[in-house]
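Dear colleague,

I am passing on the structure below, and my notes on what I found in it follow. Please read them with the structure open beside you.

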Amino acid sequence: MGKKKLPIGIENFEELRKEDFYYIDKTGFITELLHNWGAVNLFTRPRRFGKTLNMSMLEHFFSVDKDKSIFDGLDITKEAALCKEHMGKYPVISVSLKGIDARTYDTAYQMAVRVIIEAAAKFYFLLDSEKLNKHDKAAYKDLLDKSMNESTFGSSLRQLSGMLEKHYGTKVIVLIDEYDVPLAKAHVNGYYDQMISLIRSMLGEVLKTNNSLKLAVLTGCLRITKESIFTGLNNLKVLTIADERFDESFGFTDKEVKALLEYYDVMAHYGAVKRWYDGYQFGNVEVYCPWDVLNYCDRIRSEPHVQPENYWINTSSNDAVKRFIEESANAATKREIERLVAGEVITKEIRQELTYEEMYQNIDNIWSLLFTTGYLTRRGKAEGRQMKLAIPNLEIRDIFETQIMEFFKENVREDGEMLNRFCDALRNEDTENVEKIFTEYLRKTISIRDTAARTEMKENFYHGILLGILGVKTRWGISSNREMGEEYADILAEPDTGNMGIIIEVKYAHDGDLDGACKEALKQIEYTKYEDDLEDDGVENILKYGIACYKKRCRVMLAEKRIT
């Protein structure tokens, strides 16, 4: 019998259940939601943690016109009383705002209007409803008009819920997924105030002054301050990643991941999955990112030897990390970044309520943003707003390291004079100045010094720094990991004189023995015969450097030239 399909990118609950996809049962979310009743509930979680799928699950559970057989065999069906009272008992308005992404307000507004039109069009039968009068039906037609004005837009969901209550004779469930995406896009593109006003009017009408509302659930990445968008909304229950309630409702628990890997016969990869994709603390539970686990599981089913990779990095701009790294001009922040990448914890005061305008105003707000968006996670118990923060796992550390290197490359030309001196010293066999300038540069740069990281990962960092420095010589030929002799040379630099080749082998002195690591690097150059290819090309002047690094120190040795 074949295995179930992996639900990568599947966000429709009915499709997932009917099309034989593997499903990790999260229907306990419904039970907890009904037992811990709140008129308006906002759940904030990082991206790719199952918010949209859970919202689809709620829609299919509550809605009067959805197939309830898709819940057969799931945990919620054990709650007979809850199911009898609430399952299939309500009209449900479900909208997603995550597609509202535009450069101008006018275009974003038209996208928002289309969202409302699509939501209203699901209830086209209202035009024939005997419970609605002519005025109601005329108002409903306005909700299908793509030229609707902002006033109609603002009251749209409240009006629609009122019509549905009249038709069904029962109050309405309202689900709004990714409520803050339009605000994020508006902030980036310069129409934030207009979008705040638009979203505030819609939410205020449907959530605050709506007698037809039974229950509302919103999701997003950030908890936007009440003062900016939820003004006067006193019935809002906010449930963030710091809350113990609903801590298993989003993301995969360790038990769930083990069951998944066992089902697909890839349990041998459990250690790698845990190191790379676990480590987020929601409430009192440590969880994995579902997006990453599913993608990696899909790869290793057909390619058992494939290494874990970063699936999260391409699903967002990672602006929060970029801005954080840019703050490394501050010496204290630079040291804190180094400590984080080294696997240490940093204690900070966290503000979970921010506006998009406040996010990058100061370094303290950036710390808060990194926490709420999943780039940092809590370790241990919070003491008020004071939290111990850490990078969750190897995947997120990879994002930090990537952004550190990108920041280094963007700024390397600012140090052109010093780096040109480095290249000249390299060409002139001046090991003393090569070592001196490189050490000086390492002290200025964010270092990656995690004691738990593999040696080759540390070497890759220093390798990248050297490539960035050599990049100032735009007319030099620079090769990285080029096949030479019997293996691959770390770096080959060919100055524009045309008669010189510089081979560099980088080693990380894991025990601090810089001299020993340098000698090992030079032995590798000799053993692998890197210079043979250069000699075959007629290059007569070949320099062979061994460079050893340990934290912010380095040693440079130059091999004796071959006598021919």
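**Cores and contacts**

Leaving aside residues up to four places away in sequence, Leu203 touches Ile176, Tyr179, Lys208, Leu218, Ile229 and Phe230. Please bear in mind throughout that this is a predicted model. Leu203 also belongs to the largest nonpolar core, which has 148 residues, and it is listed there with Phe71, Met195 and Phe400 as having the most contacts inside that core. The largest share of this core comes from α5, which gives 11 residues.

**The protein as a whole**

The protein has 564 residues, of which 55% are buried, and its secondary structure comes to 21 helices and 18 strands. The C-alpha trace spans about 100 × 55 × 45 Å along its principal axes.

**Aromatic rings and charges**

With ring centres within 6.5 Å taken as a pair, the count comes to 32 aromatic pairs. One of them is formed by Phe125 and Tyr168, whose ring centres are 6.2 Å apart and whose planes stand at 85°; the pair is edge-to-face because an angle over 60 degrees counts as such. This pair links distant parts of the chain, since Phe125 is in the loop between α5 (105–121) and α6 (134–142) while Tyr168 is in helix α7 (residues 150–168), 43 residues apart. Phe125 counts as partly exposed at 30% relative accessibility, and Tyr168 likewise counts as partly exposed, at 29%.

The rings of Phe422 and Phe438 have their centres 6.0 Å apart and their planes at 45°, so this pair is tilted. Here too distant parts of the chain are linked, with Phe422 in helix α17 (residues 416–427) and Phe438 in helix α18 (residues 431–444), 16 residues apart. Both Phe422 and Phe438 are buried.

Ring pairs also join Phe13, Tyr23, Phe61, Phe62, Phe71 and Tyr90 into a cluster, and Phe71 is one of the residues with the most contacts inside the largest nonpolar core. Two rings have a charged residue over them: Lys3 lies over the face of Tyr263, at 4.5 Å from the ring centre, and the charged end of Arg47 sits over the ring of Trp312, 4.0 Å from its centre.

**Helix α20**

Helix α20 (residues 514–528) has 15 residues and reaches 21 Å from its first C-alpha to its last, close to the 21 Å expected at 1.5 Å a residue. Its buried residues are Leu514, Ala517, Cys518, Ala521, Leu522, Ile525 and Thr528. These residues cover an arc of only 145° around the axis, which puts them on the same side of α20, whereas Lys523 and Tyr527, on the other side of α20, are exposed. Lys529 follows α20 and has a positive phi, near 55°.

**Pro304**

Pro304 is placed in the loop between α12 (290–302) and α13 (319–326), and with a relative accessible area of 43% it is partly exposed. The C-alpha atoms of Pro304 and Ser228, which are 76 residues apart along the chain, are separated by 50 Å.

With best wishes

Conventions: Residues are numbered from 1 along each chain as its sequence is written. This is a predicted model: local features need pLDDT of at least 70, side-chain atom pairs count only at pLDDT 80 or more; totals for chains, interfaces and linings use all residues. Side-chain values use heavy atoms; hydrogens and water are left out. Rings of Phe, Tyr and Trp (its six-membered ring) pair if their centres lie within 6.5 Å; planes under 30 degrees apart count as stacked, over 60 as edge-to-face and the rest as tilted. Helices (H or I, at least four residues) and strands (E, at least two) are DSSP runs, numbered from the N terminus. Buried means under 20% relative accessible area, exposed over 50%, partly exposed in between (1.4 Å probe, protein chains only). A charge sits over a ring if NZ of Lys or CZ of Arg is within 6 Å of the ring centre and within 35 degrees of the ring normal. A nonpolar core is a set of buried Ala, Val, Leu, Ile, Met, Phe, Trp, Tyr and Cys residues joined through side-chain atoms within 4.5 Å. Contact means heavy atoms within 4.5 Å. The expected span of a helix is 1.5 Å times one less than its number of residues. The arc is that of the directions from the helix axis to the C-beta atoms.
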